[in-house]
Amino acid sequence: MRSAAWRISLWATLAFACGTMLVFVFLHRFMAKDIQRRSDAWLSGEVEVLEDVAERTPKDALYVRVVGEVAELAGKEVPNRDLSESAPNDSVFFLQTDADGAPRLWVGAGDGEAHRKAIRAVNILPDRPMDLQVKGIGVPFRVASIRMDDGSRIYLGLSERDELKVLRSLRVRFLFLWILIVLLGFGIVFFTTWRMLSRVRQITEAASGIGHSDLNSRVPTTGKNDEVAHLALTLNRMLDRIENSMRQLHTITDSLAHDLRSPLTAIRGKLEMSLSADPHAEQAESIVSAIEELDRLTDFLNKSLDVAEAKADALRLTLTEIDLDELLRVMIDLYGPSMSEKGLQIHLCSAGPLMVAADAALLHRMVANLFDNELKHLPASHSITIRLQSDEEAATLILEDDGPGFDSEICPHLFERRVKGRDSNGHGLGLAFIDAVARAHGGAATAANREPGGARIAITLPLASSNSGLHSSALRDAC
Amino acid sequence: MRLLLVEDEVDIQSFLRRSLEEAGYQVDAASDGKTAEKLAVEAPYDLLIVDLGLPDQDGITLILKLRQLGVAAPVLILSARRSVDDRVRGLEQGGDDYLTKPFALAELLARLRNLLKRNSPPGNEATRLRVLDLELDLLRREASRSGELLQLTSQEFVLLEYLCRNAGRVVTRSMILDKVWGMRIQPDTNVVDVHIYRLRGKVDGKGQQPLIRTLRGVGYVLKDR
């Protein structure tokens with residue numbers, strides 16, 4: 001759940017960060033272009049003014065001073081200029097060259113030799129400012145040039161330093177704000193999704209707590225009218241319907257049981273009375289077998305209804321803590337004499353008490369069923385081994401014999417109702433009942449033939465909470 | 001001993017009434033809750049047998065109502081339902097008992113006796129049981145017949161003790177399973193018979209009068225005369 005909140009917030013933040021970054025890149029480019037446009041406009045204007053001045057000024061001794069002063073003045077009106085800069089004005093240079101390229105006039109920082117070399121290397125077109133990288137100076141110049149009538153050329157250069165500084169400060173500020181916004185956005189998205197998902201989590205927890213035995217509870221609903229609230233309401237309505245059909249199933253099985261048991265009770269009572277009236281009568285034998293048949297019928301009825309309810313996940317359980325180890329010892333004590341009469345041997349392989357949470361009556365009947373099955377179907381002089389194992393969540397009862405195993409044709413359908421071996425005279429409910437009880441407890445049952453021959457049935461049951469956990473560690477020494 | 005039998009099924013009512021009377025009880029019968037209420041309030045009964053599925057009201061409602069009216073006699077609940085109601089469990093903890101239909105008459109009678117015994121003042125718990133020439137020492141867990149010690153396993157001793165405590169009365173296989181092994185199961189194999197057979201081999205030696213009798217279709221009885 002938490003990972004979902006993380007995922008959603010990460011993706012949302014990523015999309016948000018990319019989007020804002022894209023917007024900034026466009027904005028940055030637009031601003032850079034705009035600044036350059038302004039510089040270019042200024043350069044073109046100034047270079048024309050200078051040309052005009054140079055043109056008009058007579059070429060006498062004063063020429064250099066007049067043009068130089070005008071150029072210097074122009075340099076003080078540079079656009080985008082950082083006014084705090086107190087260093088000598090090196091952001092602007094003015095250069096006039098003769099037609100052959102020899103310098104005539106230089107106004108600017110230094111002697112202008114490097115600038116002249118750079119200009120000579122690049123062919124600067126008139127009327128169109130260009131970038132110029134001067135050796136020894138990190139920041140490029142923007143240079144506009146104009147050709148005068150006497151063949152000399154005037155170059156006016158403006159350093160891009162201030163322009164770049166403005167853009168850099170813009171970037172730094174943006175980055176700072178961007179990180180802040182992205183973090184804030186992540187926080188908000190994460191908090192919202194986490195809250196939303198924690199409501200979903202609450203619903204999941206409540207819903208998983210509602211098992212087959214407890215259908216009365218409902219998932220928590222809030223007064224809100226959003227999707228999660230709708231989910232909760234829908235779940236609750238579904239639970240209503242399930243509870244309803246469950247109740248109907250119970251009503252049907254209960255009334256079926258009632259309608260069959262009442263006449264069975266009357267018949268059994270009457271048979272018993274006629275038997276006790278004269279136990280040596282001629283019909284005594286048939287009355288006795290009728291009573292036995294009746295008891296088998298009752299057992300069949302109970303098992304069928306249990307299996308039917310368990311298949312529908314509707315078996316009603318009263319869970320208590322039962323020591324599986326002790327139960328098996330009592331069962332072996334009970335079945336042992338019958339088994340040894342038949343020449344069967346039975347061994348229990350267990351490391352002491354193993355508490356499971358189960359319905360006592362159902363568990364007793366299930367284990368009795370296992371033993372009955374073996375007693376009825378295992379041929380003489382074979383042996384049965386029962387092993388008890390446990391891991392952190394479940395106890396496993398494994399029953400293995402070295403008999404002929406299950407008929408191969410029924411093997412894939414062992415846990416279905418009415419499936420029984422060729423020679424079986426039961427009603428084919430035994431394994432279905434075992435499976436049903438295991439499932440009703442949240443466990444499972446498996447049955448298969450073993451490799452060297454014989455049958456293997458494994459039943460897992462949930463452990464009771466009070467287990468000490470000693471069982472699994474002690475098992476290695478027990479077997 | 002006066003019993004009130006509340007059961008709406010005519011067939012069941014009549015055979016229960018007959019066999020209870022044969023067992024020496026005085027029986028009044030009611031077919032619905034209202035009649036039962038009237039009878040129970042008018043005359044004191046030693047015990048009530050109440051079916052859960054009455055035509056006019058639920059059996060448990062009736063029992064709770066009677067308790068409110070001051071009827072304190074123990075109740076044996078008969079139920080044809082599949083699951084044991086929580087309220088039945090409550091009553092069971094309160095000293096009442098329940099029996100699922102169909103049941104063996106012997107079991108019904110045994111449960112009645114238990115309920116009535118619970119209600120009477122407890123006598124001193126005996127440390128020795130004696131049935132004819134069979135003697136059980138409950139403290140030393142030893143049994144002897146005609147003075148000769150029997151070699152019994154502890155489980156066989158428990159079984160024999162149960163038979164002795166019910167000497168002269170029929171015990172069914174499911175009663176034995178319930179009391180000796182603590183399980184309400186119905187095996188479709190002869191596990192109990194084999195135990196009885198082995199016990200009989202040790203108790204009823206050659207030339208001795210056989211004590212453990214099999215009543216086919218019903219159960220076993222330890223003869224007391």
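Me: What is the mean pLDDT of chain B?
Reply: This is a predicted model, in which local features need pLDDT of at least 70, side-chain atom pairs count only at pLDDT 80 or more, and totals for chains, interfaces and linings use all residues. Residues are numbered from 1 along each chain as its sequence is written, while chains are lettered from A and ligands numbered from 1 in the order in which they are written. The pLDDT is the predictor's confidence in each residue, from 0 to 100. In chain B, 97% of the residues reach 70 or more, and the mean pLDDT is 88.

Me: What percentage of the residues of chain B count as buried?
Reply: A residue is buried if 20 or more other C-beta atoms, placed from the backbone, lie within 10 Å of its own, exposed if 12 or fewer do, and partly exposed in between. Of the 225 residues of chain B, the share that counts as buried is 36%.

Me: What is the order of the strands in the open sheet of four strands in chain B?
Reply: Two strands pair if DSSP finds at least two bridges between them, and in this sheet the pairing is antiparallel. Strands S6 (128-131) and S9 (148-150) of chain B each have a single partner strand, so they stand at the edges, with one side of each left without a neighbour in the sheet. Between them in the order are S7 and S8, with four bridges joining S7 (residues 134-137) to S8 (residues 142-145) and B:Leu136 standing opposite B:Ala143 in S8(B). Read across, the order is S6-S7-S8-S9.

Me: Which element gives the most residues to the side of chain A that touches chain B?
Reply: With contact taken as C-beta atoms, placed from the backbone, that lie within 7 Å, the contact takes 40 residues from chain A and 35 residues from chain B. Helices H5 (227-277), H6 (284-311), H7 and H8 (360-377) of chain A are the elements that give two or more residues to chain A's side. With 15 residues, the element that gives the most is H5(A).

Me: At what angle do the axes of H7(A) and H8(B) cross?
Reply: Axes are lines fitted to C-alpha atoms, for helices over the stretch in contact, and angles run from 0 to 180 degrees between N-to-C directions; under 35 counts as roughly parallel, over 145 as roughly antiparallel, 65 to 115 as roughly perpendicular and the rest as oblique. The axes of helix H7 (residues 324-341) of chain A and helix H8 (residues 191-203) of chain B come within 8 Å, and their crossing makes H7(A) roughly perpendicular to H8(B). Among the residues that make the contact are A:Leu334 and A:Tyr335 of H7(A) and B:Val194 and B:His195 of H8(B). The crossing angle is roughly 80°.

Me: How many residues in the contact of H5(A) with H6(A) are nonpolar?
Reply: The axes of these helices come within 10 Å and cross at roughly 170°, which makes H5(A) roughly antiparallel to H6(A). Ala, Val, Leu, Ile, Met, Phe, Trp, Tyr, Cys and Pro count as nonpolar, Asp, Glu, Lys and Arg as charged, and the others, Gly among them, as polar. Beside three polar and three charged residues, the number of nonpolar residues in this contact is 18.

Me: Is A:Asp323 buried, exposed or partly exposed?
Reply: A:Asp323 is found in strand S6 (residues 319-323) of chain A, and, leaving aside neighbours within four places in sequence, A:Asp323 is in contact with A:Pro353, A:Leu354 and A:Met355. With 15 other C-beta atoms within 10 Å, A:Asp323 is partly exposed.

Definitions and conventions
Two residues are in contact if their C-beta atoms, placed from the backbone, lie within 7 Å.
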